[in-house]
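Thanks for coming, everyone. I'll keep this short. Have a look at the structure first, and then I'll walk you through it.

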Amino acid sequence: MIKKTVSILLIGGIFFLLSPLLAHNEMLALEKPEVDSLIPEMNFGMRARMIPSDHKKIHGPVLIRKAPTNEATALRLNTGLVKIFYINRPGKADKMMSISSTDNGITWSDPREEFELPGEAYYANQVIQDKTGRIHCIFHIFSSGKIGYRGRQLDLWYTSMVPGSSWSKPRMIWEGYVGSIRGFIELRNGNLVIPMSESDTSRATKPKSGEKDFGLFQVISLNSVDHGNTWARSANNLKIPVDPDQVTRYGAVEPAAIELNDGRIWMLIRTNKGHLYESFSHDSGRTWEEAKQSSFISSDSPASFLRLANGEIILLLNSDQRYDDKKSYANGGREALQAAISKDDGRTWKGFREVLVSPATKPVLKGDRGTAYPSAIETNDGHVLFVSGQGEESAIVMFNKKWLEEKSQKDERKEGPVYWTMHGTTGGSGVWNFPMTKKGRLTIRIKPGLP
């Protein structure tokens with residue numbers, strides 16, 4: 001028998017239900033969706049939400065399938081074909097692979113090899129298609145050298161192709177230890193910009209007490225004015241002091257960037273300081289303003305931008321925070337990925353709703369994990385499709401952008417707990433996420449008479 005009494009806790013944009021309700025077996029006795037066979041024992045909350053027979057009716061986030069691997073890149077070609085690019089890792093990590101969808105991301109092809117890599121790669125890659133139709137791809141290759149980090153380098157390599165032809169021979173465009181690549185954009189003037197981080201070997205060792213610690217990495221950009229034939233480094237770099245009370249001391253890493261309507265490039269930078277930092281360029285990435293703290297709360301994780309066809313911007317980020325454990329994994333964790341939407345070119349934002357959550361059972365306690373490293377596209381029918389996550393928690397997800405702004409939600413018990421997030425593995429607490437706002441009124445109606 002499920003208790004009829006519940007306790008409610010309201011914090012920010014989250015409604016907590018504190019009772020044994022969501023842990024009860026009767027509530028978990030759902031008809032298992034197809035995705036369950038791909039991701040065992042992860043059928044709670046949005047991971048249990050069924051894909052509608054008419055996918056155009058997708059509203060809240062729906063898990064389409066497991067992602068092929070970590071840090072994959074989603075791309076919609078100008079033909080409408082949707083592709084996800086990834087490295088064959090775990091494995092030899094010697095090939096760039098892809099899967100494709102002809103129905104806006106609902107069903108996917110078998111993996112195919114795009115091209116062989118010139119060595120062993122890491123997960124990170126970025127792929128874009130420019131206005132002329134050419135596809136550009138960047139990725140890491142491991143090497144040894146003195147300008148990397150403790151004798152190891154992750155050099156940056158580049159290749160491109162015209163659809164229907166072969167990829168060009170990959171060539172190295174930056175030598176050193178390049179952090180995970182989270183951005184690659186074409187500007188309206190046709191220039192290509194790669195926001196990236198690089199290691200500074202002089203900062204490999206923590207400085208003496210009392211000295212400012214900028215960590216291991218700094219942010220720069222690589223810029224091309226000739227469609228990728230040559231690349232030039234930005235004239236200055238961005239350093240951000242680390243929070244010495246945190247476990248990591250990476251510094252400024254994994255920037256994402258977007259071109260604004262006024263021609264500026266806006267960069268958001270991962271830090272260990274509890275917020276994303278931001279910088280702007282007024283000259284197509286040649287120089288950057290000093291990085292300053294943005295208004296976006298973030299764990300030690302990167303963000304991602306998506307410009308929609310109507311000009312609106314989607315921002316994906318991990319806003320997780322753990323105030324009970326300042327030395328927790330990723331400065332608060334990566335258990336939930338949130339999405340927000342801006343209709344005024346980034347000045348104001350709405351939403352910040354959970355679009356991917358870690359599974360409620362069998363948590364991974366070591367190594368990189370969670371819902372971070374998103375890459376998103378807009379489908380031909382106006383949905384947002386993204387690939388994100390690390391390890392067994394990686395997934396391909398779709399949602400309707402209107403869901404980010406909805407002002408009401410009804411929990412239909414017959415559907416099971418598909419609107420809830422459970423945190424922890426023993427039950428007892430659930431989260432019902434709704435759009436965040438600084439002020440307003442929340443009305444909650446709880447129907448009595450639960451069995």
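**Salt bridges, core and surface**

Let's start with charge: the structure holds 17 salt bridges. Bear in mind that this is a predicted model.

Take Arg188 and Glu259. They form a salt bridge, with the closest N and O atoms 3.8 Å apart. The pair links distant parts of the chain, 71 residues apart. Arg188 sits in the loop between strand 12 and strand 13, and Glu259 is in strand 16. Buried or exposed, what is Glu259? Glu259 is buried, because its relative accessible area is 14% and the cut-off for buried is under 20%. Arg188 is partly exposed, at 47%.

Next, Arg233 and Glu198. Here the closest N and O atoms are 2.8 Å apart. Arg233 lies in strand 15 and Glu198 in strand 13, so this bridge ties together parts that are 35 residues apart in sequence. Arg233 is partly exposed at 34% relative accessibility. Glu198 is buried, at 10%.

Now Glu406 and Arg353. Their side chains meet in a salt bridge at 3.1 Å, N to O. Glu406 is in the loop between strand 26 and strand 27, while Arg353 is in strand 23, 53 residues away. Both Glu406 and Arg353 are buried. There is also a network of salt bridges, linking Lys83, Arg112 and Glu114.

On to the fold. The chain has one helix and 28 strands. Of its 451 residues, 56% are buried. Look at strand 3, residues 62–66. Four of its five residues are buried. Strand 3 pairs with strand 26 in the antiparallel sense, over four bridges. Lys66 stands opposite Ala395 in strand 26.

In soluble globular proteins, nonpolar side chains tend to be buried together. The largest nonpolar core here has 18 residues. Which of them touch the most other members? They are Ile314, Leu316, Val355, Phe386 and Phe399. Strands 21, 22, 23, 25 and 26 each supply at least two residues of this core. Ile314 also reaches well along the sequence: beyond its neighbours within four places, its contacts include Phe305, Trp349, Val384 and Leu404.

Last stop, the surface. Leu442, Ile444 and Ile446 make a nonpolar patch of about 240 Å². Leu442 lies in the segment after strand 28. Leu442 counts as partly exposed, at 38% relative accessibility.

Notes
Residues are numbered from 1 along each chain as its sequence is written. This is a predicted model: local features need pLDDT of at least 70, side-chain atom pairs count only at pLDDT 80 or more; totals for chains, interfaces and linings use all residues. Side-chain values use heavy atoms; hydrogens and water are left out. Patches are made of residues with over 30% relative accessible area and no salt bridge: like charges are joined within 9 Å, nonpolar side chains (Val, Leu, Ile, Met, Phe, Trp, Tyr) within 5 Å. Accessible areas come from the Shrake-Rupley method with a 1.4 Å probe; for residues, only the protein chains shown count as cover. A salt bridge is a side-chain nitrogen of Lys or Arg within 4 Å of a carboxyl oxygen of Asp or Glu. Buried means under 20% relative accessible area, exposed over 50%, partly exposed in between (1.4 Å probe, protein chains only). Two strands pair if DSSP finds at least two bridges between them. A nonpolar core is a set of buried Ala, Val, Leu, Ile, Met, Phe, Trp, Tyr and Cys residues joined through side-chain atoms within 4.5 Å. Contact means heavy atoms within 4.5 Å.
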